[in-house]
Amino acid sequence: MADLAELEQKISDEIAAADGLTALDNIRINALGKKGEISLLLKTLGKMQPDERKTFGAAVNQLKGRVNQVLAARKTVLEDEELDRRLATETMDVTLPVQADPANQGRLHPLSQVWEEVVAIFADMGFAVADGPHIETDFYNFTALNIPPEHPARQEHDTFYFAPDENGDRKVLRTQTSNVQIRTMQTQEPPIRIIAPGRTYRNDSDLTHTPQFHQVEALVIDKTTTLAHLKGTLEEFFKAFFEIDNLKMRFRASHFPFTEVSYEVDIGYTRKGNQIIIGDGDEWLEILGSGMVHPNVLRNCDLDPDVYQGFAFGMGIDRIAMLKYGIPDLRAFFDADLRWIDHYGFAPFDIPSLTGGLSR
Ligand code: DAH
């Protein structure tokens, strides 16, 4: 019996010292589990005399009951402590500002924004989006566009050339999106109405030029397409793009090998401080090149110029982005500076659309 008292004391001390629910449960298993110290005592009953068995059995069962009580009491204390600890560490300050949703923290580059705006406007006018390779043959970038070898326009383009292949042909990084005109006319039957936004490359770098930049080309070919359609298309586009009602536009006679007649188009603006206000005023900004597709270009694509005619234009996307959003230095577009993107960028889920609004 003295042994029982000692055992009880030992288990009680252990219970009192248990510092967590797992430790407490281990003590329970060591005492009352199948092979626990108290359970093993009960197994010795079989070998005892009936009298001894009776008293010893009763004593062990009482011990078991008391140990269970002490365990339960300690468990309640430990659970309360655990709860207090969690309440203390998991407090929430409801006066803290709400954290921005990470998906809304990113910003869309102004170029991506303007690209989407351009596509939305032309899509509304019934233009499909076409694309072509950036690494282009001399034929598609120049010759088919009525720029034969030795033509001075080739020098003006500051072309990036690849090393000649086994036939001596040198591919180029396309200097203009006009290559898509040729590829489209070769693969589609008129009527054709496409725009081709994309990357272009020239060996040039200053405040308004970067070696890689962006253009959007437009091409319309049909039997009755005229200069009036070109003018109407551009007027609609610029009003929608600059989100203005009044637009002043000027067609200046120019020259491009792939158009006849050719025009450079200027839009009117005024300056207020260092802000440029598009649409009215006495100053002019050159904004694109355009014209009626040259008969030679049609012939190069197996289209009969006596049957088909059309217009084309090419415009710098970077340039119209700078104008619309007042961005002074083109090179910053390519710096990947997060502070710049935070300042000039757009909320990623505000998809530009004519009904929902282009910019906000
Ligand atoms: N490809 C010309 C350039 O890069 C722009 C251009 C001018 C495109 C007149 C055209 C056009 O389609 O008709 O400077």
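**Questions and answers on the model**

Tutor: Glu 81 has a relative accessibility of 39%, so it counts as partly exposed; buried means under 20% relative accessible area, exposed over 50%, and partly exposed in between (1.4 Å probe, protein chains only). This is a predicted model, in which local features need pLDDT of at least 70, side-chain atom pairs count only at pLDDT 80 or more, and totals for chains, interfaces and linings use all residues. Residues are numbered from 1 along each chain as its sequence is written, and side-chain values use heavy atoms, with hydrogens and water left out.

Student: In which helix does Glu 81 lie?
Tutor: Helices here (H or I, at least four residues) and strands (E, at least two) are DSSP runs, numbered from the N terminus. The run that holds Glu 81 covers residues 50–89, and its name is helix 4.

Student: What separates the centres of domain 1 and domain 2?
Tutor: The domain assignment, which is automatic or from a database, gives domain 1 as 2–89 and domain 2 as 108–344. Taken over C-alpha atoms, the separation of the two centres is 87 Å.

Student: Which residues come nearest to the ligand?
Tutor: A residue is near a molecule or strand if one of its heavy atoms lies within 4 Å of it. By class, the shell around the ligand has four nonpolar, nine polar and two charged residues; Ala, Val, Leu, Ile, Met, Phe, Trp, Tyr, Cys and Pro count as nonpolar, Asp, Glu, Lys and Arg as charged, and the others, Gly among them, as polar. Of the 15 residues around the ligand, the nearest are Gln 176, Ser 178, Arg 202, Gln 215 and Glu 217.

Student: Is Asp 266 buried or exposed?
Tutor: The side chains of Asp 266 and Arg 252 meet in a salt bridge (2.8 Å, N to O), meaning a side-chain nitrogen of Lys or Arg within 4 Å of a carboxyl oxygen of Asp or Glu. Asp 266 lies in strand 7 (residues 259–272) and Arg 252 in strand 6 (residues 249–253), so this pair ties together parts that are 14 residues apart in sequence. Arg 252 counts as partly exposed at 28% relative accessibility. Asp 266 has a relative accessibility of 2%, so it counts as buried.

Student: In which helix do Glu 14 and Lys 10 both lie?
Tutor: A salt bridge (3.5 Å, N to O) joins the side chains of Glu 14 and Lys 10. Glu 14 is partly exposed, with a relative accessible area of 30%, and Lys 10 is partly exposed at 34%. They are four residues apart, about one turn of the helix, and both lie in helix 1.

Student: Why is helix 11 largely enclosed by the rest of the structure?
Tutor: Among its buried residues are Ile 317, Leu 323 and Tyr 325. Just after helix 11, Gly 326 takes a positive phi of about 60 degrees. Helix 11 (residues 317–325) is largely enclosed because, of its nine residues, the number buried is eight.
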